[in-house]
Every structure is written in structure tokens, then in C-alpha cells.
Amino acid sequence: MALDSTTQGAEYAAEAAFPPFDPTYFASQLFWLAISFALLYFLLSRFILPRIGGAIEERKDKIADNLDAAAQMKAQSDETVEAYEKELAEARSRAQSVAAEAKAEVDKEIAEATREADAELEAKLADSETRIQAARDAALADVRTIASEAAAAAAEHLAGLDVSEADAAKAVDAARG
Amino acid sequence: MADTNPIDQFKISTVADLSVGGVNLSFTNSSYFMLVAALLVTGLLALAMSKRALVPNRAQSVAELMYEFVAGMIRSTTGDAGLKFFPLVFSLFAFILMGNMLGMLPYFPAPGFKGFTFTSHIIVTFALAMLVILVVMGYGVFKHGLKFFSFLFPAGVPWPLWILLTPIELISFLSRPITLGVRLFANMLAGHILLKVFASFIVMLGSVGALGAIGAVAPFIMVVALTALEFLVAFLQAYVFAVLTCIYLSDALEPGHH
């Protein structure tokens with residue numbers, strides 16, 4: 001068999017030129033190549049390639065459009081966020097001022113109440129003091145009377161002297177210094 | 001017994017005779033595969049884009065990926081100015097890629113039911129390369145006039161050196177279509193021959209006997225690996241052809257900017 005194929009090869013070698021270099025079909029190959037390639041070129045450049053290019057271009061446009069829309073929406077949302085934040089800050093500062101005002105009012109009221117209470121207490125204290133003083137004075141006066149009476153009684157009892165009330169008082173006063 | 005001649009896969013067979021003015025323009029298996037490649041590229045892309053949805057399905061994603069891939073290739077080599085050649089570069093890339101990939105199928109619903117790789121024929125690849133070079137030259141001369149040829153006289157070099165440099169630049173310019181065409185042709189040819197040679201080893205060893213059948217495992221593994229490699233090459237060569245087209249186009253767009 002191996003022999004067979006070698007003889008076969010020898011036959012082929014003897015029979016004709018190497019097919020790719022055989023000029024018999026050169027004209028035919030060129031002719032049909034021109035027809036095939038021209039046909040391919042025509043169909044591709046006229047119909048197929050514009051179709052593919054168009055599809056790609058369309059997609060690119062669509063993506064660019066969508067990106068634009070997304071950017072626009074983002075700007076819008078940024079704006080909204082900014083406005084919201086501004087409002088929030090305003091509200092916060094307003095709340096703070098209201099709170100401060102309320103606090104100042106309350107402070108004022110407290111101070112007033114404190115002052116009133118203080119005054120009242122002071123008045124009460126002063127009043128009590130005067131009353132105490134009066135009571136003390138009265139008590140002291142009583143003590144003098146009692147002492148002079150006691151002194152007079154003692155003098156009468158001990159020495160049998162009749163001392164007038166005025167003399168007794170004078171003597172008590174002298175004794176008290 | 002299976003046909004083990006590695007050259008057989010490149011043979012052209014006439015499907016329908018056609019002769020115009022004594023020139024043989026027959027419709028062959030090669031013509032068939034070229035037409036199928038052109039129609040498959042168009043049909044598959046049209047099918048993928050049939051819905052043209054805003055959110056693409058899998059097929060549409062692939063079509064758009066390919067579009068962006070080629071557009072990116074042009075932008076990175078020539079800038080946005082090169083995008084007017086986008087249909088040309090895309091057609092070249094798609095046509096060669098489809099041709100290479102169809103060539104990876106050993107059998108195909110074609111006349112004779114055999115696969116065929118039209119990019120393994122030098123006349124085809126050379127014609128495509130010439131198309132590129134002619135577009136580059138035509139556009140360059142149309143756009144810049146004789147200034148287009150200023151690349152032959154590199155700027156910033158003392159003029160006596162031009163005696164040396166100009167022939168080198170000229171040769172490098174003239175060899176472009178040859179290298180462009182031969183690179184694709186040679187890669188596809190060599191790969192397919194290699195695949196067929198290793199595949200025929202399997203058949204030969206397998207027919208020797210039990211021991212041979214065990215030994216045939218080695219070339220079988222080789223064929224599997226080579227097939228994977230050839231798929232890579234099939235894509236890579238289409239890519240290389242398209243990239244070089246872009247680079248040559250950048251010369252036409254801005255001569256003297258090497």
C-alpha cells in the first residue's frame with residue numbers, strides 16, 4: 001500500500017505542474033475572484049457595514065443620551081438636597097432663637113420671682129426683728145418695774161423703810177449702772 | 001484506499017466550461033468556494049444583524065465585535081483618516097478569513113464533495129495583494145501627486161546617500177505585493193500539505209498491521225495538534241493581511257511619515 005501511494009505520487013508529479021503554479025486556470029481564478037470580491041465588497045459596503053455601524057452608533061447615542069439624562073437628574077437631586085439642607089439649617093437656627101428667647105423669658109421670670117420672694121422674706125425678717133425688739137424692750141421694762149418693786153418690797157421688809165416707787169426705780173437704775 | 005497525495009487537495013477541477021475569446025474562464029471548484037465565501041460572509045452578517053437590536057444577541061455581538069476589531073485596526077495604524085478604506089479592509093479581512101476557514105473543512109457540500117482553499121493559490125493571493133497596492137498607489141498619487149513618491153527620498157538624509165537608499169526603498173516598495181501575496185499563499189499551502197502528510201502517515205501505518213496501527217497514534221496526535229495550529233494560522237494570516245493593508249494605506253494617506 002505504501003508503495004502504491006509513492007507510485008501514485010510519482011504519477012502526479014509526472015502528470016502536471018504543481019496546481020497552485022499551473023497557469024491553466026489563472027484567468028478563470030482571476031475572473032471569478034474579481035466577481036466574488038466585487039460582489040462581497042458591494043454587498044458589505046452598501047448594505048451590511050452601514051447596518052452594523054448604524055447599530056453601534058445608535059447604541060452609543062442612546063448611552064450618551066442616557067448619561068446626559070442621568071447627569072441632569074443628579075444635578076436636580078443635588079439642588080433639592082441643597083435646598084432641603086438650607087431649609088433645615090434655617091429651621092434649626094429659628095428653633096435655637098426661639099429656645100433662647102424662651103429661656104431668657106423664663107430666666108427673667110425666675111429672677112423676678114426670686115427678687116419678690118427675697119423682698120418678702122426681707123420684709124418679714126425686718127418685721128420680726130422689730131417685733132422681737134419691742135418684746136425685748138417690753139420685757140426689759142417689765143424687769144425694771146419688777147426689780148424696783150422687789151427692791152422696794154425688800155427694803156420695806158428688811159429695813160422697814162417706806163420707799164416710794166420712784167426712789168426704788170432710781171435706785172434700781174443706779175444699781176444697774 | 002484513501003487518497004494520500006498531499007498535492008491533490010489543491011487541484012482545480014472544472015465544474016462548468018466557460019470560454020470567452022479563447023480565454024478559459026471556466027467555473028471551477030475554486031470559483032465555487034470564492035462565491036460561497038462571499039455569500040457566506042454577507043449572509044451570516046445579514047443574519048446576525050437581522051434584528052438590529054439595541055441590546056445585541058450573541059450573533060449580533062460577534063458581527064459588531066468584528067466591525068469594531070477592523071475599525072480599531074485601521075484607527076490604530078492610520079488614524080481616523082483611514083476609515084474611508086474601512087469597507088475595503090473589512091471585505092479583505094472577511095473574505096480571506098472565510099476562505100481560510102472554509103479550507104479547514106476536509107469535506108464540503110461542493111462539486112466533488114471536497115474541501116478547497118482558494119487562498120492556497122498564489123494567483124488569488126497575489127491578485128488581492130495587487131489590489132491593495134494599486135489602491136494605495138492610486139489614492140496616493142491622486143491625493144498627493146508626485147509628492148507621493150517622496151518616500152523614495154528619505155528626509156533628513158544627506159542627498160548623496162540617496163544613491164544608496166533610493167534603490168533600497170524602491171525594491172522594498174516593489175516587493176510589497178509579492179511578500180503580501182506570498183505570505184498568505186505559503187502559509188496556507190504549507191499548513192495544508194503538512195496536515196495531509198501527517199494524515200497520510202496514519203493511513204499508511206494503519207494499513208501495515210497491528211503494530212503499525214499502534215504507531216499511527218503518534219501522527220494522529222500530530223494531526224490534531226496541527227489542525228488547532230492551522231485554525232490559528234487561518235485567522236492570523238487574514239489578520240496580518242488586513243494589518244499590512246492598513247500600514248500600506250497609511251503611506252498613501254501621509255507620505256513620508258514612516
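Helix axes here are lines fitted to C-alpha atoms over the stretch in contact, and angles run from 0 to 180 degrees between N-to-C directions. Helices themselves are DSSP runs (H or I, at least four residues), numbered from the N terminus.

Good morning, colleagues. This is a predicted model, in which local features need pLDDT of at least 70, side-chain atom pairs count only at pLDDT 80 or more, and totals for chains, interfaces and linings use all residues. Residues are numbered from 1 along each chain as its sequence is written, while chains are lettered from A and ligands numbered from 1 in the order in which they are written.

I begin with α1(B) and α3(B), whose axes come within 9 Å and cross at roughly 120°. That makes α1(B) oblique to α3(B), since angles under 35 degrees count as roughly parallel, over 145 as roughly antiparallel, 65 to 115 as roughly perpendicular and the rest as oblique. From α1(B), the residues making this contact include B:Phe33, B:Val36 and B:Ala37; from α3(B), they include B:Phe95, B:Met98 and B:Leu102. Two residues are in contact if their C-beta atoms, placed from the backbone, lie within 7 Å. By class, the contact of α1(B) with α3(B) has 10 nonpolar residues, one polar and no charged.

Next, α1 of chain B (residues 29-48) packs with α2 of chain B (residues 58-78) at an angle of about 120°, their axes 8 Å apart. α1(B) is therefore oblique to α2(B) as well. Here B:Leu45, B:Leu47 and B:Ala48 of α1(B) meet residues of α2(B), among them B:Ala59 and B:Val62.

What of the nonpolar core? The term denotes a set of buried Ala, Val, Leu, Ile, Met, Phe, Trp, Tyr and Cys residues joined through C-beta atoms within 7 Å, where buried requires 20 or more other C-beta atoms within 10 Å of the residue's own. The largest such core has 60 residues, and B:Ala37, B:Val70 and B:Phe95 are among those with the most contacts inside it. α3(B) provides the largest share of this core, 11 residues. B:Ala37, neighbours within four places in sequence aside, is in contact with A:Ser36 as well as B:Phe95, B:Met98, B:Gly99 and B:Leu102.

I close with the two chains together. How many residues of chain A are in contact with chain B? There are 38, and they touch 43 residues of chain B. α2(A) gives the most to that side of chain A, with 26 residues. By class, the side of chain A that touches chain B has 25 nonpolar, nine polar and four charged residues.

Methods
Helix = DSSP H or I, 4+ residues; strand = E, 2+ residues; numbered from the N terminus. Buried ≥ 20, exposed ≤ 12 C-beta atoms within 10 Å, placed from the backbone. Nonpolar A, V, L, I, M, F, W, Y, C, P; charged D, E, K, R; others polar.
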